[in-house]
Amino acid sequence: MRHYFANIYSGVYTVFVGMAITFKQMLKPSVTHQYPYEHSFERKKNVRDIPQGYRGQLFNRIEDCIGCKKCEMICPVDCIDITTEKLPKGEKLWDSMNVVHLKDRAEIVGMIEGNEKIESNTTVAIQTRERGSVEVASERIARVVERKPVIFYLDKFDIDMSLCMYCGLCTEVCPTECLIMIDTLKGIEYSTFDRTSLIFKFAKPEMYDKLLDEATDSEAAD
Amino acid sequence: MAAPKPESKFIELKPFSDEMVVNMGPQHPSTHGVLRLELKLDGEVVREAIPHIGYLHRCFEKHSENLSYPQIIPFTDRMDYIAAMNQNWGFCLAVEKLMAADEKKGFEVPERAEYLRVLICELNRIGSHLLSFGTYGMDIGAFTPFLYAFRDREKILLLFEKICGARLTYNYVRIGGVSRDMPPKFLDEVKEFIDYFEPKIDDYNALLTDNKIFIERTTGIAVMDREMAINYGVTGPNLRGAGLQWDLRKDEPYSIYDRFDFDVAYGKEIPEIGAVLGDCWNRYKVRMDEMKQSIQIIRQILEGSIPDGPIMAELKAVRPPKGEIFFRSEAPRGELGFYIVSDGTPKPVRVKAKSPCFTALSALQELSKGLMIADIIAIIGSIDIVMGEVDR
Amino acid sequence: MLPVLQQFIQKPFSELLVQENNKNLSELFLEFTRTHVPFLASLPLPLSQLIAMLAVCVIFVAIVPLLPLVLVLAERKVSAHIQDRVGPMRVGPHGVLQTLADGVKLIFKEDHIPRQGDKILFIVAPYIIFACSFAVFAAIPFGKSILVSDLNIGIFYIMAISSVVAIGVIMAGWASNSKWSLLGALRSAAQIVSYEIPVGLSILAVVMLVESLKMQEIVRNQGDLGILSWIIFRTPFTFIAFFVFFISAIAEVNRTPFDLPEAESELVAGFHTEYSGMRFALFFIAEYANMFAVSAIASTLFLGGWKGILPGYDFLGGTPGFVIKTLFLVFIMMWIRWTLPRLRVDQLMNLCWKYLIPISFFNILGIGIWVLIFQNDKHPAYIGISLLIIILGIFGAYLVLGRRSSQSPAPRASSA
């Protein structure tokens, strides 16, 4: 008999306890975002940015790519397709860019002028394409990726993002760190209606034409 | 209980007028993925429930034979996608042990990496159990705990996103260490999360665990006692729910688990609410308790100091010596074993994953006899299977 | 009870439908047309009566479907806020037009009929459920005179008509020719039939107190002392009866924790698995209309109907007051739905036959004794006694059972 009433009591009691919890929750503000409509959440308190180093879409800075094919080798799903043509022996296209990683996780792409070795308590001048010469205190520099001479023409550098499994192994083996995963919104929102447009072609053959033109121009000037 | 009788491979359809054969799944809201159950019903009562698997088979083991060791790790992510960190770690531990067999190739995993691994994997264990709790609530019919669980799991995923750049398929634990060091202020965020989350567990217990209807639905249902669990090779929370204190982290400590002090959660008989050892409620409860236990471990990591140093051992190439290894680790769903045969080349000859979900699922047929349809749902939820790991 | 039945038997049928002293909406309409519309005035009286009644019916049928429109949105918003979400936000400001958009979508969806199903039953079933849940509104007093028809057998009619829904559910489940639907339908039949009993018995408790089956009579019986003379507080037994009624009512409208017929995690969608488009929308509308109807009945029977909270004043009284009370009960139903898990079939039956029905019988016994002892049961002193007993009962239960259970059943489970 007592068990019978205890049953009723615990039934009613636990229901009320649960309802109290859900009611308390109802008065609290919600935690969700209205994603496609507000992806910059600055107005709201529960802002979240895409963290640095997020593994988004793959992108290759083709100017710095040396065509070593390490990424193609490591890729578990073979989504990277590279064709290269080797230059005649001893020649090189250009020195690749240095990538200077700062301690606050920012990075500067450019050429370090003069000595590659960074001594402490100095400022390092980095010649960038966009911003001209940038001077950075050597304390801020976390590491510098070494320059490598480019000895390959890249005829083809295709990445099929519909195959990619976002493991990030290719970006880790890249010696010049020119293959990166975009950690901004651009690297996430790239869906299309056509599967073939997910094959990203990074090779720019016209780049070499321009370069050859420049070379002939300078020869003419000489 | 005796070992299960060998079942006939072929489906025998006896056209009884009062027996109804119902296909539950592969598309069904609560079969946790693509499990198909062939139910033979007598009204609401299930005479037999035969699980059919293989709908999510992706040839993990065959793939592995054609990939080098580091390349296999992202594939382990896809096995138990709820607890991918633990899967990564399980594989890496096996390969590391295999490499340690050769003195020249053996190496020490740096201290910092070990701490990071424990921290991350315990966080992932919380995330996995949260999801299990949420979906179990939804199976039983309460929708709200599901969203609460996802809300809190989201916070864990944000932490993972910061440390490894991905939300679900982490590929974080590597052979010889971890892939990235933690970002600045990461530990503060972990602490913030733990402080936020610990009281929430009591909320969940009040909302679902102690709810009279929930107790009625789960206590005394589908009792998998100790003997049966051992016979079937069931491990993890399902085994501990049967009252056996068997936790690899405690009993065969790998990595640095022997440095932490934590209690193993196990099932208890509570006559007041009708809970029996090894019933659905106890299996579920072990998971709720394990979340607290993981918090205990994480707190110890946060209170002590994580040593500075490298996060990756210096090894040139992953090329284990000739030989074979079986290594098991405690994943959230049970003992995850990897059997690897190496012939000294960069690619393994054979990789076999011993999946805890598969063994748990094999007990379903015996557990579900004579119960009701609603109980089948309760059992599937309580043994907490992930079809990605069952089928691999 | 007995005089009521005698009255019912003696009265000719024509008088059943027409009120004697209190005018209802159709009579007001009739008066208005006979004085202001010459054309209708020239018609013979029965014909214009018929026209007036039809007009009122049309008004109700036009207004009542708007209720689900509001309730569906309310449900979505309530569930969203309980679950840390915001719910529909896109159609209209804060998503207020979302239900309308969904309705339009459902109308344009393909109307699929299973090839091997029973076509006629499949088509008819939603209309039966729809019609039954709307017929209930005919006898619900929304206000002093806002009522289609104050039937002599009002509450009895409501009970009768609302149980016809079970037939529609079985038809839908059978005609779909789907195993899930059939299981859902059979569950539903068992459930509705079983839960009719506690509903009926707890209504009987009220009827014994009021000595009338008329809805308006039941409302008028309450409210002399404002909130205190609501039937729920009148005796300790009606207090229990209210909860019994409310729990069984939730079961009858198939909502969590008793939503077994449509349990989405077990039976996919139960009896309406195979329905799509407008037919599915009809089930949906009927569900929410039912929910509102059941809450309206509860507030009529136990919470004073359209009578106000304060005696004499119309504070929270009239039609707005009635709707507020009803919506409050609807809100509680939603709140329960998004908090609790679902029962199993046998436990559902246990709850009904082992708990609710014995309690209801005990209630009826108690009410009988109460009425025998306190003849004038609306006296403030008697209400005071009843309130005292209710409060003492709750505290007593807390002290006797709560103490005990704080050491053992529920709270221990989490700490163990």
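This short talk covers a sheet, a nonpolar core and an interface.

First, the ground rules. This is a predicted model: local features need pLDDT of at least 70, side-chain atom pairs count only at pLDDT 80 or more, and totals for chains, interfaces and linings use all residues. Residues are numbered from 1 along each chain as its sequence is written, with chains lettered from A and ligands numbered from 1 in the order in which they are written.

Start with the sheet in chain A. It is open, has 3 strands in the order E2-E8-E10, and the pairing is antiparallel. Strands here are DSSP runs (E, at least two residues), numbered from the N terminus; helices are runs of H or I, at least four residues. Pairing takes at least two DSSP bridges between two strands. E8 of chain A, residues 152-160, joins E10(A) over 3 bridges. There, A:Asp160 sits opposite A:Ile199.

Now the core. The largest nonpolar core has 248 residues, and B:Val95, C:Val206 and C:Ala298 touch the most other members. By core I mean buried Ala, Val, Leu, Ile, Met, Phe, Trp, Tyr and Cys joined through C-beta atoms within 7 Å. Buried means 20 or more other C-beta atoms within 10 Å of the residue's own, with C-beta atoms placed from the backbone. Helix H15 of chain C, residues 277-301, gives the largest share, 15 residues.

Last, the interface. 29 residues of chain C contact 35 of chain B. Contact means C-beta atoms, placed from the backbone, within 7 Å. On the chain C side, H19(C) supplies the largest share, 6 residues.

Note on methods: Buried ≥ 20, exposed ≤ 12 C-beta atoms within 10 Å, placed from the backbone. Contact = placed C-beta atoms within 7 Å.
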